[in-house]
Amino acid sequence: MTTMRDVARVAGVSAKTVSRVFNDDPHVTDETRERVRGRCRTELRAQPAGPQLPGRRRRRGGLAVPDIADPFFAAMTSSIEVDLVDGAWRW
């Protein structure tokens with residue numbers, strides 16, 4: 001599997017620049033964008049995957065509780081998990 005570091009090494013840029021290219025950062029020049037994508041396709045024969053695919057964005061959140069063993073926090077955490085799985089929360 002090709003990593004961002006592999007692409008960065010071949011294209012002569014940093015891994016952060018590769019990330020910016022595939023996330024369509026407006027601060028990346030067209031020349032750099034084409035160099036990274038071109039080297040990715042030709043030399044590494046790699047295609048971006050994961051969150052870059054349309055409709056595949058995932059949002060993550062966190063929850064900090066003082067004591068998960070406390071029945072109140074356990075119930076609250078369980079309720080939030082059920083709501084997230086059922087799609088009740090729209091981010």
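Which side chain meets that of Arg9 in a salt bridge? The legends below take up this pair and its surroundings in a predicted model.

**Figure 1. Arg9 and Asp6 pair through their side chains.** The partner of Arg9 is Asp6, with an N to O distance of 3.9 Å. That value falls within the 4 Å cut-off, so the contact qualifies as a salt bridge. Both residues belong to helix H1. They sit three residues apart, about one turn of the helix. An α-helix has 3.6 residues a turn, so positions three or four places apart point the same way. Arg9 counts as exposed because its relative accessibility is 58%. Asp6 has a relative accessible area of 24% and is therefore partly exposed.

Figure 2. H1 spans residues 4–11. Within H1, Val7, Ala8, Val10 and Ala11 are buried. The face turned away from the buried side carries Arg5 and Arg9, both exposed.

**Figure 3. Asp24 meets Arg37 in a salt bridge.** The N to O distance between the two side chains is 3.0 Å. The pair links distant parts of the chain, 13 residues apart. Asp24 lies in the loop between H2 and H3, whereas Arg37 lies in helix H3. Asp24 is exposed, because its relative accessible area is 52%. Arg37, at 23%, is partly exposed.

**Figure 4. Arg33 joins Asp24 and Arg37 in a network of salt bridges.** Asp24 also forms a salt bridge with Arg33. Here the closest N and O atoms are 3.9 Å apart. Is Arg33 buried or exposed? Arg33 is buried, because its relative accessible area is 13% and the limit for burial is 20%. Side chains of opposite charge can pair when their charged atoms come close. A search of the whole structure finds three salt bridges. Among them are Asp24 with Arg33 and Asp24 with Arg37.

Technical notes
Residues are numbered from 1 along each chain as its sequence is written. This is a predicted model: local features need pLDDT of at least 70, side-chain atom pairs count only at pLDDT 80 or more; totals for chains, interfaces and linings use all residues. Side-chain values use heavy atoms; hydrogens and water are left out. Buried means under 20% relative accessible area, exposed over 50%, partly exposed in between (1.4 Å probe, protein chains only). Helices (H or I, at least four residues) and strands (E, at least two) are DSSP runs, numbered from the N terminus.
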